[in-house]
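Colleague: I want to know what stands behind the labels. Take me through the terms one at a time.

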Amino acid sequence: MPSYKLTINSESISVEASPDIPLLWVIRDMLGLTGTKYGCGKGVCGACTVHFNGSPIKSCTMAIENADGGAITTIEGLVKEKEIMIKEAWIQLDVPQCGYCQAGQIMNAAALLVNNPNPSNVEIDNTMSSNLCRCGTYSRIKQAISLAAKNIKQ
Ligand code: FES
Ligand code: FES
């Protein structure tokens with residue numbers, strides 16, 4: 001079985017896995033980081049969103065062989081001050097309903113706010129359209145992103 005080197009949440013690790021196993025499987029089943037969720041397995045729902053070398057990706061669609069050498073951040077690794085402020089905005093506005101999609105939503109929102117600290121409503125909509133929520137929490141997600149942007153700026 002080939003071995004792959006990854007940096008996960010700032011920790012260097014190596015894993016032995018079949019080359020085509022999705023990164024999501026490695027994150028959840030091999031590393032036990034179960035905050036990242038499995039939804040569709042086809043790159044459609046965004047539940048599995050993590051950051052790969054700083055950009056949001058759908059970890060169900062990336063084979064481990066293509067992740068070799070990469071730096072991955074999962075919801076468990078969002079620990080910087082500004083990232084915590086995003087989570088706090090989520091809590092303040094009571095965003096989640098069942099919660100299943102929310103790790104992916106927050107990961108996508110966190111990447112958005114790094115690249116665009118003051119996103120417009122349209123920019124939020126465009127970015128977050130890749131993350132589905134069966135409970136329909138979209139308006140609270142949008143409010144939480146705006147609140148986080150405001151709090152981070154202060
Ligand atoms: S589980 Fe990866 S996009 Fe749905
Ligand atoms: S909160 Fe239930 S799927 Fe989004």
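Modeller: Start with pairing: two strands pair if DSSP finds at least two bridges between them. Strands (E, at least two residues) and helices (H or I, at least four) are DSSP runs, numbered from the N terminus. One such bridge joins Ser-3 to its partner Glu-16 in strand 2.

Colleague: What should I know about the model itself?

Modeller: This is a predicted model: local features need pLDDT of at least 70, side-chain atom pairs count only at pLDDT 80 or more, and totals for chains, interfaces and linings use all residues. Residues are numbered from 1 along each chain as its sequence is written, and side-chain values use heavy atoms, without hydrogens and water.

Colleague: What makes strand 1 and strand 2 a pair?

Modeller: The definition asks for at least two bridges. Strand 1 and strand 2 (residues 11-16) have 6, in the antiparallel sense. Therefore they count as paired. They also form a hairpin, with 2 residues between them. In its turn, Asn-9 has a positive phi of about 50°.

Colleague: How do you know that strand 1 pairs with strand 5?

Modeller: DSSP gives 2 bridges there, in the parallel sense. At least two are needed, so strand 1 and strand 5 pair. Ile-8 has Ile-72 in strand 5 as its bridge partner.

Colleague: Which residues of strand 1 are on the covered face, and which on the uncovered one?

Modeller: Tyr-4, Leu-6 and Ile-8 make up the covered face. Ser-3, Lys-5 and Thr-7 make up the uncovered one. In a regular strand, side chains alternate between the two faces of the sheet.

Colleague: Why is a space called a pocket and not a cavity?

Modeller: On a 1 Å grid over the protein atoms alone, a cavity is a set of points where a 1.4 Å probe fits but cannot get out. A pocket is an open set, with protein on both sides within 12 Å along at least five of seven lines. Lining residues have an atom within 4 Å of a point. The largest pocket holds about 540 Å³ of space. Of its 23 lining residues, the closest to the centre are His-51, Lys-80, Glu-83, Ala-110 and Val-114. Helix 4 gives the most to this lining, with 4 residues.

Colleague: What is the volume of the second largest pocket, and which residues line it?

Modeller: The volume is about 190 Å³, meaning the space filled by probe spheres set on the grid points. The lining includes Cys-40, Cys-45, Cys-98, Cys-101 and Cys-133.

Notes:
Chains lettered and ligands numbered in written order. Buried < 20%, exposed > 50% of the residue type's maximum accessible area, 1.4 Å probe, protein only.
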